[in-house]
Amino acid sequence: YTGFSELCTVTQSGSVSVVTSIYGQPNVKKFWFPCWSPDDSKIALAHYDTVLTGHDQVTMEVYNVSDGSLAASIDLANHATPTWLSWSHSGTNDLAFPMNINGSGTSYLYYCAPSSGSTPSTNNVPASASAVWSPDNSKLLLDNPLKTVVAFGTSETTISSTGFGAVDW
């Protein structure tokens with residue numbers, strides 16, 4: 001492994017376009033959890049890099065699909081580890097993601113607007129694996145335990161105490 005990571009799009013006919021790429025030392029630079037904006041013009045992802053600090057330093061980045069330019073870069077806290085990214089549907093412009101801070105072992109649901117200078121915030125709702133927006137953006141579906149939570153709120157409804165892996169509406 002060379003430390004090379006690419007963000008690509010693939011058309012239905014199979015043609016591949018590279019949006020952006022990074023190259024670095026083995027296992028120190030990589031893109032994770034890409035998700036599309038509601039209008040398909042941008043892709044948000046987590047960019048992991050251990051070169052600067054010796055431990056995971058994660059930046060959330062937003063790329064313009066048309067030209068590969070970096071539209072936004074959101075610095076996450078040292079040792080922050082998101083486990084999923086989910087962009088809200090049309091009508092709002094927010095990202096939701098479970099994130100563990102400082103290796104505490106507990107992840108919480110965070111939100112931020114996908115623009116430079118955004119600061120992720122949380123209402124301290126536990127969220128371990130994945131989070132996806134409901135079609136009308138009023139709730140998020142979380143895994144492990146399987147539950148819904150009112151968007152930007154703390155009201156939770158548990159559906160099952162068992163986790164199911166990646167979930168979707």
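1. Asp-40 sits in the loop between E3 and E4, where strands (E, at least two residues) and helices (H or I, at least four) are DSSP runs numbered from the N terminus. Its phi is near 65°, a positive value in a residue other than glycine. Asp-40 is exposed, with a relative accessible area of 51%; exposed means over 50%, buried under 20% and partly exposed in between, using a 1.4 Å probe and protein chains only.

2. A word on provenance: this is a predicted model, in which local features need pLDDT of at least 70 and side-chain atom pairs count only at pLDDT 80 or more, while totals for chains, interfaces and linings use all residues. Residues are numbered from 1 along each chain as its sequence is written, and side-chain values use heavy atoms, with hydrogens and water left out.

3. Overall, the chain has zero helices and 15 strands. Of its 169 residues, 43% are buried.

4. Back in the loop between strand E3 (29-36) and strand E4 (42-49) we also find Ser-37. Ser-37 is buried, at a relative accessible area of 4%. Its side chain makes a polar contact with the side chain of Asp-39 at 2.7 Å; such a contact is a pair of N or O atoms within 3.5 Å, where within protein one must be able to donate a hydrogen and the other to accept it, and residues adjacent in sequence count only if both atoms are side-chain atoms. Leaving aside neighbours within four places in sequence, Ser-37 is in contact (heavy atoms within 4.5 Å) with Lys-42 and Trp-87.

5. Which residues line the largest pocket? Ser-37 and Trp-87 are among them, as are Trp-36, Trp-133, Asp-168 and Trp-169. The lining divides into seven nonpolar residues, four polar and one charged, with Ala, Val, Leu, Ile, Met, Phe, Trp, Tyr, Cys and Pro taken as nonpolar, Asp, Glu, Lys and Arg as charged, and the others, Gly among them, as polar. The pocket holds about 180 Å³ of space. For the method, a pocket is an open set of points on a 1 Å grid over the protein atoms alone where a 1.4 Å probe fits, with protein on both sides within 12 Å along at least five of seven lines, and lining residues have an atom within 4 Å of a point. The volume is the space filled by probe spheres set on the points, which are joined across faces, edges and corners.

6. Strand E14 (residues 146-150) has four of its five residues buried. Four bridges join E14 to strand E13 (residues 139-142), and the two run antiparallel; strands pair if DSSP finds at least two bridges between them. Four bridges also join E14 to strand E15 (residues 156-160), again antiparallel.

7. E13 and E14 form a hairpin with three residues between them, and Asn-144 in the turn has a positive phi of about 60°. A cis peptide bond joins Asn-144 and Pro-145, with omega about 0°. Most residues other than glycine have a negative phi, and most peptide bonds are trans.

8. Finally, is Asn-137 buried or exposed? Asn-137 is buried, with a relative accessible area of 9%. It lies in the loop between E12 and E13 and has a positive phi of about 65°.
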